[in-house]
Amino acid sequence: MTTLIQPQTPMQRVLEVFPGAQRALFRHYHIGGCASCAFQPDETLEALCARNSLNVAEVIRQIETSHEQDLAMEIAPSELAALIRTGGVHLVDIRSREEFETTHIDHAVLLSQPVLLDILANWPRTDLMVLYDHRGQKSPDAAAYFIGQGFRNVRCLRGGIDAWSREVDGKIPRYRVELTA
């Protein structure tokens, strides 16, 4: 199999090809989670591994394996719609309060500190929990947290609420988040 990244691939490109690579690097090697172990966008994967005394082929395999696990955790919008109709799914919106108040999927709860405490204290660890964000990029991080807390049936909405709007409910407005400096 030909890998999509090579030792000479800059980290910016690694993150474009494998959006969960930073989470995988942090989880397995404690790289990229703080200022002391950060990497630069133009730093190559090979240079990152050399500076951390890691085998680059093993790190590439770990990134690819983590990506496959992320994909396996995803749920298609149409599949989620069917589950919502039958019940038995906890839907958790991890976007900002402003985004949630503007639009959200029916029956979703906004993840806030009180909701988090309620989930941790009262939700059965075996119930299906589906997390979503704007485009499906941040929910795997939240899913990793809940899995680490013992939840065994956590999924992420593929493409987030944006995909939900395109594929299931066109009444939900699509939007762009503008980043300010």
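Predicted model: local features only at pLDDT ≥ 70, side-chain atom pairs only at ≥ 80, totals over all residues.
1. The partner of Glu-74 is Arg-158, and the two form a salt bridge in which the closest N and O atoms are 3.8 Å apart. Because Glu-74 belongs to strand E1 (residues 74-75) while Arg-158 sits in the loop between strand E5 (154-157) and helix H9 (160-167), this pair ties together parts that are 84 residues apart in sequence. Arg-158, with a relative accessibility of 42%, is likewise classed as partly exposed.

2. How many salt bridges does the structure hold? The count is 9, and the pair of Glu-74 and Arg-158 described above is one that forms such a contact. The points that follow take up further pairs one at a time.

3. Between the side chains of Glu-43 and Arg-51 there is a salt bridge with an N to O distance of 2.8 Å. Arg-51, in contrast, has a relative accessible area of 44% and is partly exposed.

4. Within helix H9, Asp-162 and Arg-166 lie 4 residues apart, which is about one turn of the helix. These two residues form a salt bridge whose closest N and O atoms are 3.4 Å apart. Asp-162 counts as buried at 6% relative accessibility, whereas Arg-166 counts as partly exposed at 46%. Which residues are joined with this pair into one network through shared partners? The network consists of Arg-135, Asp-162, Arg-166 and Arg-174, joined by salt bridges that share partners.

5. A disulfide is a covalent bond between the sulfur atoms of two cysteines. How many disulfides does a search of the whole structure find? The search finds 0. Cys-49 is buried, with a relative accessible area of 2%, and Cys-156 is also buried, with a relative accessible area of 3%.

6. To draw the pairs together, a careful reader could look at Glu-43 with Arg-51, where the N to O distance is 2.8 Å, then at Asp-162 with Arg-166, where the closest N and O atoms are 3.4 Å apart, and finally at Arg-158 with Glu-74, where the corresponding distance is 3.8 Å.

Terms used. Residues numbered from 1 in each chain as written. Heavy atoms only, no water. Salt bridge = Lys/Arg side-chain N within 4 Å of Asp/Glu carboxyl O. Buried < 20%, exposed > 50% of the residue type's maximum accessible area, 1.4 Å probe, protein only. Helix = DSSP H or I, 4+ residues; strand = E, 2+ residues; numbered from the N terminus. Disulfide = S-S within 2.5 Å.
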